[in-house]
Amino acid sequence: MRVMKLPVFRGALVCFLVPLFSLFSLLGCTTDSDPGDEQDKSLRMNEIQVLGTHNSYHIQPRDSILEGLATFDSQELADSLEYTALPLKEQFDRGVRQLEIDIFADPEGGLYALRRGLIVVNEDPVSGIPELDEPGLKVLHVQDIDFETHCLTFEACLTTLKEWSDANRGHLPIMVVVDTKDDVISDPLNLGFTIPLEFGPDELADIDREILAVFPPAQLITPDDVRGERDTLEEAVLNDGWLTLAEARERFMFILLNRGASRDHYIDGHPSLRGRVMFAEVAPGQPEAAWFRVDNSLNDGEELRELVAAGYLVRTRADADTQQAREDDYSLQEAAFASGGHTVSTDYVVPNPDFGTDYSAAVPGGYVARCNPISAPEECDSELIRP
């Protein structure tokens with residue numbers, strides 16, 4: 001039997017491998033590691049900066065309501081409600097990676113099926129919307145007055161989020177700020193405005209249940225995920241850091257916005273938020289400390305930068321109450337992005353044509369996410385942070 005000499009064998013092997021590597025290249029395969037994938041393995045959630053939206057579900061009240069508010073209450077209040085968010089999926093398509101959703105407790109259903117503010121403008125207050133008669137958390141801004149929304153229920157909002165996520169694999173982590181609303185509003189005309197239910201332990205547990213009914217645990221970033229083996233959540237955040245982008249992609253992080261009684265009820269019995277779905281805001285030094293909101297970076301920029309540098313996540317705002325959009329004022333937005341706030345929230349992903357300005361907000365450089373100017377490592381490359 002003739003034995004093939006090594007040089008001949010080596011040549012035959014090359015002839016076999018060259019076409020194989022060419023096929024891999026055609027299929028998008030490569031023997032070199034992808035720089036974006038490599039950065040994802042080390043870059044953490046608190047080392048990037050993204051755009052968010054405030055009251056992400058909101059549709060401004062109909063003109064008759066705004067005119068009625070200006071007449072019976074104040075023009076300032078009416079002006080502050082004159083903004084409409086893009087549909088949730090369109091916000092994501094345009095690069096938004098943080099939302100805010102206001103919810104009202106309605107365990108028996110029907111509490112918000114009547115919109116009594118419409119009585120003043122001679123419109124039918126009966127909504128006739130079946131979803132509003134069903135039990136479950138409802139989404140709106142102000143009962144009886146500012147109730148137009150892209151999703152009437154929390155479940156509907158969550159379902160929309162999951163549908164987009166499932167259709168857009170590999171997306172950056174998305175933060176969802178949840179605001180529990182139970183304020184009683186003035187009723188100068190004695191129309192019988194709805195008195196919201198307070199968010200006690202049962203109502204807060206309903207929030208977790210509704211989230212888990214839509215999202216599997218693997219699609220969430222929870223306090224338990226971040227805490228790991230540490231005794232407290234804050235210890236983990238300040239010593240071990242947040243999840244890397246590789247670990248966090250395609251996942252959602254929920255945050256309870258409220259600082260009062262509802263927050264205390266949510267934490268009670270769950271030190272360091274053990275077993276909870278949402279993060280919450282407490283003072284630095286507390287076991288649950290991980291996320292903060294500092295809305296005005298012009299007034300509180302030093303505090304904001306210190307929190308970011310320490311390792312906490314921070315939300316700040318680019319604009320508020322339509323003021324910046326009406327005046328085409330970018331000073332707060334520029335300060336917000338420079339401050340290192342991880343999510344910079346706006347009401348204007350696109351300009352409002354009614355204001356006669358071009359005001360809108362976007363991550364500097366045109367990125368969906370960029371390296372955080374305060375917390376990112378020097379080697380961070382915004383070009384490698386893929387949407």
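This is a predicted model: local features need pLDDT of at least 70, side-chain atom pairs count only at pLDDT 80 or more; totals for chains, interfaces and linings use all residues.
Visitor: Why is the pair of phenylalanine 92 and tryptophan 164 called tilted?
Guide: Planes under 30 degrees apart count as stacked and those over 60 as edge-to-face, with the rest tilted. The planes of phenylalanine 92 and tryptophan 164 are at 45 degrees, so this pair is tilted.

Visitor: And how do you know that these two rings pair?
Guide: Ring centres must lie within 6.5 Å to pair. The centres of phenylalanine 92 and tryptophan 164 are 4.7 Å apart, and by this rule the count comes to nine aromatic pairs.

Visitor: What does the pair of phenylalanine 92 and tryptophan 164 tie together?
Guide: Phenylalanine 92 lies in helix H5 and tryptophan 164 in helix H7, so the pair ties together parts that are 72 residues apart in sequence.

Visitor: Why is phenylalanine 92 called buried?
Guide: Buried means under 20% relative accessible area. Phenylalanine 92 has 1%, so it is buried.

Visitor: Why does cysteine 151 count as buried?
Guide: Here the cut-off is again under 20%. Cysteine 151 has 6% relative accessibility, so it counts as buried. You can find cysteine 151 in the loop between strand E3 and helix H7.

Visitor: Which residues is cysteine 151 in contact with, leaving aside its neighbours within four places in sequence?
Guide: They are Tyr57, Leu88, Val139, Ala156 and Cys157. Contact here means heavy atoms within 4.5 Å.

Visitor: Where do helices H7 and H8 meet?
Guide: In H7, look for Phe154, Glu155, Leu158, Thr159 and Lys162; in H8, for Ile207, Glu210, Ile211 and Val214. By class, this contact has five nonpolar, one polar and three charged residues. The two axes come within 9 Å and cross at roughly 35 degrees, and the crossing is right-handed.

Visitor: How do you know that the charge of arginine 276 sits over the ring of tyrosine 266?
Guide: One part of the rule asks for CZ of Arg within 6 Å of the ring centre, and the other for a place within 35 degrees of the ring normal. The charged end of arginine 276 is 4.1 Å from the centre of the tyrosine 266 ring, and it is listed as sitting over that ring.

Terms used
Residues are numbered from 1 along each chain as its sequence is written. Side-chain values use heavy atoms; hydrogens and water are left out. Axes are lines fitted to C-alpha atoms, for helices over the stretch in contact, and angles run from 0 to 180 degrees between N-to-C directions. Helices (H or I, at least four residues) and strands (E, at least two) are DSSP runs, numbered from the N terminus. A crossing is left-handed if the near helix is turned anticlockwise from the far one by less than a right angle, and right-handed if clockwise. Ala, Val, Leu, Ile, Met, Phe, Trp, Tyr, Cys and Pro count as nonpolar, Asp, Glu, Lys and Arg as charged, and the others, Gly among them, as polar. Rings of Phe, Tyr and Trp (its six-membered ring) pair if their centres lie within 6.5 Å; planes under 30 degrees apart count as stacked, over 60 as edge-to-face and the rest as tilted. Buried means under 20% relative accessible area, exposed over 50%, partly exposed in between (1.4 Å probe, protein chains only).
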